[in-house]
Amino acid sequence: MQQVDLTKTLEELEGKYWGEPNFASSLVIQVHRLRKKPLCELNNEDLRLLIGQQMNLDFLLPLALEQLIQNPFGSGDLFCSILKVEKEYWKEHKELKNELDEVIRTYEEARKTLEEHISKYRSDHL
């Protein structure tokens, strides 16, 4: 996988500058703003929004998967957004698909442990 300079913006990485939004939708305005933000400054909500729009997946999915590998419960919305990426993308990006599969395994293991703790809590506090 290619190394990406995280101090660059999506506009800089693509070499495409959109200018000012020509539609007054909050989503359009946000996407335009986020394209000017360095990748290293994008938070989970920014990533969720852009991935939900199927934008710049080659740059954004590795960042999002890294976040979820570190903490699969950190952002359910981001996780759901990634799971909605079209299957054709995953067919062409097997390495990223393998990372997603690892995130899913980690999540499932953590969920099982959490469910066990919840069950124990409930049985102890009834």
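**L83**

I started at L83, which sits in helix α5, residues 76-83. The model I am reading is predicted. I looked up how open L83 is: its relative accessible area is 46%. Next I listed its contacts, skipping residues up to four places away in sequence. L83 touches L100 and I104. I also checked L83 against R35. The two are 48 residues apart in sequence, and their C-alpha atoms are 22 Å apart in space.

**K37**

I moved on to K37. This lysine lies in the loop that runs between α2 (26-35) and α3 (44-52). Is K37 buried or exposed? I found 18% relative accessibility, so K37 counts as buried, the limit being under 20%. Then I asked which residues K37 is in contact with, beyond its neighbours within four places in sequence.

**Q54 and N56**

I turned to the loop between α3 and α4, where α4 covers 57-70. Q54 is found there, and N56 lies in that loop too. I looked up phi for each. For Q54, phi is near 60°, a positive value in a residue that is not glycine. For N56, phi is positive as well, at about 50°, and N56 is not a glycine either. I flagged both entries because most residues other than glycine have a negative phi.

I then compared their cover. Q54 has 30% relative accessibility and counts as partly exposed. N56 has a relative accessible area of 14% and is buried.

**Whole chain**

I stepped back to the fold. I counted seven helices and zero strands. From the N terminus on, the order reads α-α-α-α-α-α-α.

How does the radius of gyration stand against that of a compact globule? The chain has 17 Å, whereas a compact globule of 126 residues would be near 14 Å. I noted the C-alpha spans along the principal axes as about 60 × 35 × 25 Å.

Buried residues make up 32% of the 126. The accessible surface comes to about 8,400 Å², and carbon and sulfur atoms hold 50% of that.

I also checked contact range. Of the contacts between residues at least 6 apart in sequence, 55% join residues at least 24 apart.

The chain has 17 positive and 23 negative side chains. The centres of the two sets lie 4 Å apart.

Conventions
Residues numbered from 1 in each chain as written. Predicted model: local features only at pLDDT ≥ 70, side-chain atom pairs only at ≥ 80, totals over all residues. Heavy atoms only, no water. Helix = DSSP H or I, 4+ residues; strand = E, 2+ residues; numbered from the N terminus. Rg over C-alpha atoms; globule rule 2.2 N^0.38 Å. Buried < 20%, exposed > 50% of the residue type's maximum accessible area, 1.4 Å probe, protein only. Contact = heavy atoms within 4.5 Å. Areas by Shrake-Rupley, 256 points an atom, 1.4 Å probe, with all protein chains shown as cover. Lys, Arg positive; Asp, Glu negative; His and termini not counted. Charge placed at Lys NZ, Arg CZ, Asp CG, Glu CD.
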